[in-house]
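Trainee: I've got a new model open and I'd like to learn how to read it feature by feature. Can you walk me through it?

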Amino acid sequence: MKFAAATFLSLTTAALASPARFVVRTSAADIQAYLDGHNTARAQHGANPLTWSDDLANAAQSWANGCKFQHSGGSLGPYGENLAAGTGDFTIADAIGAWVNEASSYDPSNPQPSHFTQVVWKSTTQLGCAVQACNGIFDPSYGVAQYYVCEYSPAGNVIGEFPQNVQA
């Protein structure tokens, strides 16, 4: 059974603490899947491709490892952040797809921060993501969740900057 839940975060102030250092565990194939999923959506909305950042991936992994399905609240740095979790065969493509599917809810006349807007935010240039298998995110009867965390730099979802950064 597949369940998805996600939330968004936009950060515009620097964090007080730097992320802990972890060895990036992301495979080359997974890095490509994260970039392809994001960059396909970005191309459809007039944004340049993102590049991979090991520093952002380390920050994402440090948060994912805690298995807390809530935003880091700026403790990782001045990054944008998308979270998704699902059980069963919940993949990178499923997580990114859940975020991108919010495009239909975007109203340029009343722009609101969302996962979609962070994915396609034009001034964002770098991406780093991680996944962790977690218990406790969903009811145990659904099984272990795949918890995806993506960090973005510079952060998107900045109030007042939607017209120049989101092409819907």
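This is a predicted model: local features need pLDDT of at least 70, side-chain atom pairs count only at pLDDT 80 or more; totals for chains, interfaces and linings use all residues.

Trainee: Where do F90 and Y148 lie along the chain?

Mentor: F90 is in the loop between β3 and α3, while Y148 belongs to strand β5, so this pair ties together parts that are 58 residues apart in sequence.

Trainee: Is F90 buried or exposed? And what about Y148?

Mentor: Burial is read from relative accessible area, with under 20% as the cut-off for buried. F90 has 4% relative accessibility, so it counts as buried. Y148 is at 6% and counts as buried too.

Trainee: Which pair is edge-to-face?

Mentor: One of them is W121 with F162, at 5.0 Å centre to centre and 90° between the planes. W121 sits in the loop between α4 and β4, and F162 in helix α5 (residues 162–165), so parts 41 residues apart in sequence are tied together here. W121 is buried at 0% relative accessibility, and F162 is buried at 3%.

Trainee: Which residues form an aromatic cluster?

Mentor: Y34, W52, F90 and Y148 make up one aromatic cluster.

Trainee: Okay, on to the cysteines. What is a disulfide?

Mentor: It's a covalent bond between the sulfur atoms of two cysteines. In this chain the count comes to 2 disulfides.

Trainee: Which cysteine is joined to C67?

Mentor: C67 is joined to C134, with an S to S distance of 2.1 Å. For handedness, look at the torsion about the S-S bond: for C67 and C134 it is about -75°, so this disulfide is left-handed. C67 lies in the loop between α2 (54–64) and β3 (80–87), and C134 in strand β4, so the pair ties together parts 67 residues apart in sequence.

Trainee: How do C67 and C134 read for burial?

Mentor: C67 has a relative accessible area of 22% and is partly exposed, whereas C134, at 1%, is buried.

Trainee: And what is the torsion about the S-S bond of C129 and C150?

Mentor: That torsion is about 110°, so the disulfide is right-handed. The sulfur atoms of C129 and C150 are 2.1 Å apart. C129 is in strand β4 and C150 in strand β5, 21 residues apart, so to read this pair you look at distant parts of the chain. As for burial, C129 has a relative accessible area of 0% and is buried, and C150 counts as buried at 1% relative accessibility.

Trainee: What is the pairing of the bonded cysteines in sequence order?

Mentor: Number the bonded cysteines along the chain and you get 1-3, 2-4.

Trainee: Let's look at the cores. How many residues has the largest nonpolar core?

Mentor: The largest nonpolar core has 27 residues, and those with the most contacts inside it include Y34, W52, W99 and C150. Elements that each supply at least two residues of this core are α1 (28–44), α3 (92–100), α4 (115–120), β4 (126–134) and β5 (145–153). The largest share, 5 residues, comes from α3.

Trainee: V166 is among the residues with the most contacts inside that core too. Which residues does V166 touch?

Mentor: Leaving out residues up to four places away in sequence, V166 touches Y106, F116, T117, V120 and W121. There is also a second, separate core of 16 residues, which includes W63, L76, I137 and Y147.

Trainee: Now zoom out for me. In what order do the elements run?

Mentor: From the N terminus on, read β-α-β-α-β-α-α-β-β-α, with 5 helices and 5 strands in the chain. Of the 168 residues, 47% are buried. For contacts between residues at least 6 apart in sequence, 79% join residues at least 24 apart. Finally, the accessible surface of the chain is about 7800 Å², and carbon and sulfur atoms account for 53% of that.

Technical notes. Residues are numbered from 1 along each chain as its sequence is written. Side-chain values use heavy atoms; hydrogens and water are left out. Helices (H or I, at least four residues) and strands (E, at least two) are DSSP runs, numbered from the N terminus. Buried means under 20% relative accessible area, exposed over 50%, partly exposed in between (1.4 Å probe, protein chains only). Contact means heavy atoms within 4.5 Å. Accessible areas come from the Shrake-Rupley method with a 1.4 Å probe; for residues, only the protein chains shown count as cover. A nonpolar core is a set of buried Ala, Val, Leu, Ile, Met, Phe, Trp, Tyr and Cys residues joined through side-chain atoms within 4.5 Å. A disulfide is a pair of cysteine sulfur atoms within 2.5 Å. Rings of Phe, Tyr and Trp (its six-membered ring) pair if their centres lie within 6.5 Å; planes under 30 degrees apart count as stacked, over 60 as edge-to-face and the rest as tilted.
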